[in-house]
Amino acid sequence: MSYDEHFSLDNLPYGIASTITDPHQRVVATRLRNDVFLIADLRKWPPEILDALAQPTLNKTAMLPREDLKTIRESLKVLLTQPDILEEFAVPLHKIRMHLPFTLKGFTAFECSRKHLLNTRERLPPAFLHMPIGQSGCVSTVVPSGTRIVRPHGHYFDDKDNVVFGPSRAMDFELEMGCIIGKPSRIGHAVEIDEADEHIFGLVLINDWTARDLEKFETAGGGAALNSKSFGTTMSPWVVTLEALEPFACEPKPRPQDMHPASYLHDPKKLSTYSIEVTAEIIREGEEKNRETVCKSNLKELSWTFRDLVAHQSVNGCKLRTGDLLTTGVISGDADDAHGCLLEDTTLNKDPGADNNEDIWLKDGDEVRLTAVAAPGVGWANPPSGLNLSNPLSISPFLFWCLLLVNHPPFYYLRLSLVNWYSSGKMMNIKLSGLALLALRVVSVFAQEAGEAATSAPIQAELKADISTSFPEADIFGVKLVNGKITKALIDIENKEDGPIDVAFVGGALRTTQQLPEGAPAGADVIRNLTAVRYDVSIPAGEKQSLPFNFVLDMNPQDVIVDLSAVITNPAGQIFQVQVHSGPASIVEAPTSIFDPEIIFLYLFLSGVFGGVLYFKDYDESWIPSHHINRPVAKRVKSSASGKSKQ
């Protein structure tokens, strides 16, 4: 589901995107329907704006003066109505990869919902009646929506109230929103509430994942939640600006009479928040047919606004920095279907065993999709983020460590891909049967490499795809890998399956062409591993797609074998390691130009030496004074003592 209706000309959010043809080049982008536009390419921008738009994060863009941001927005509204611009610069959404939009500097998780606190506690914290309450979050684990979250380990109470350590059994989501700080403040300076909007660049949609059983143990007796929340927070890749939300400004929900905010939180602006409907859906086992809407609420239900958060964050002199994230906490309403997390349902049910009832909470493979809309054409749509096993490869730890330890090329690509999947938490939604099939193939290869008398286990499926690799810059003498120059390979994949196939990674290695001595260890012929590139590209049935794979070398000239392999899944979720290229190549030094500074210096030096030789060859000494040429000759003289007679 693309939710393209949320991205009209009235929205024009900011994000950071790269294309599948140039995955390493991240730039500022915007979205219109199902197309993404790299903003820097659309026109000739002033130098300071162009510099900001070419950055791999939005931090510099967010620091631009309001006048410059207004120029960008007004220009986009005109440019993206021109047919020639749309035709030339539109990049389809499936050819784009979105990234975390900001380099986050700080993260404060507030609690702004009175209803959420009442639904989950016996009474309101006294401080909530006077100010927004909150705690510091963990910046290092804020990731873009669509990233899969690994179930955390920690301490919790079991059914008999014993303290145990293990993977959480009570995983929950939290439906939240956040504001990103653009304009920084000075340390020691409190931002006035009527100036707060000047410091807010835009709003994002947040899922602050929480392990409720770990949280219950950590907060018992007044402790603070730490490991129960610091393992993962997903943030929407698109940032909607306050300019786009201005038409939807509204009054916040009236505060009850028992709330007494301090004077610095008395907001003179009547329309101080926004009417934004937020929705949470759980997709059980990652299957759309099992999708269930579990929450519908609205931002205006909160007791504290984003303007309140900015004023309160800085009232003690705390410095606001570009890229600071301030979140609302769970957005809950009064209705029964307006609970912004599963914890509220379990608490309201008053089930004494709910904390340890794993059927209530998120299971491995479940996905959570958050959406928000201010009005048709202006909203957020996040890719669903899923929950992984606490150890994605726990079905076979032995095989996982085999992949880590064995360095032979057939293992290298699998090892690198799996380790990247595991460390980034962005595993694809793979059935365990597919992973088991991959493990079965690995065991077969391992047995053959070890010289055991074993045959490969029968493979139950084959990948239906035509794959070829070319090196566009190769000549009639073959493939040359020039030191210091980018070597470009182009992998063409034509999908012959009935459904889409997913290309996860492409990696490779260089092997020596020399014959190894008998008994050499496996992998001894590998002289260089090539950095794997993650694509996460889906190729529809019957379509063909070209994927670039680039690398740079700095090695001694020699002949090598270039091996490239891809990790691909078919429509059934089965995983295949496919060798896409294996062929000879030569590593060579870059050709030397006559305009190379070192060559020019050598030319000048040799010319000087040659000119000097010619000059002194027939040298005329007649002009030199004779006394300079015929130097005085030292003569031996007798000392005064030599003439005396001996006594």
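Is Lys60 buried, exposed or partly exposed? Lys60 is partly exposed, with a relative accessible area of 41%, where buried means under 20%, exposed over 50% and partly exposed in between, for a 1.4 Å probe and protein chains only. The model is predicted, so local features need pLDDT of at least 70 and side-chain atom pairs count only at pLDDT 80 or more, while totals for chains, interfaces and linings use all residues. Residues are numbered from 1 along each chain as its sequence is written, and side-chain values use heavy atoms, with hydrogens and water left out.

**Salt bridges**

- The whole structure holds 30 salt bridges, each defined as a side-chain nitrogen of Lys or Arg within 4 Å of a carboxyl oxygen of Asp or Glu.
- Lys60 forms one of them with Asp51 at 2.4 Å, N to O, and Asp51 is partly exposed at 31% relative accessible area.
- Arg369 and Glu288 meet at 2.7 Å, N to O; because Arg369 lies in strand β23 and Glu288 in the loop between β20 (277-283) and β21 (291-298), the pair ties together parts 81 residues apart in sequence.
- Within this pair, Arg369 is buried at 3% relative accessible area, whereas Glu288 is partly exposed at 37%.

Technical notes. Helix = DSSP H or I, 4+ residues; strand = E, 2+ residues; numbered from the N terminus.
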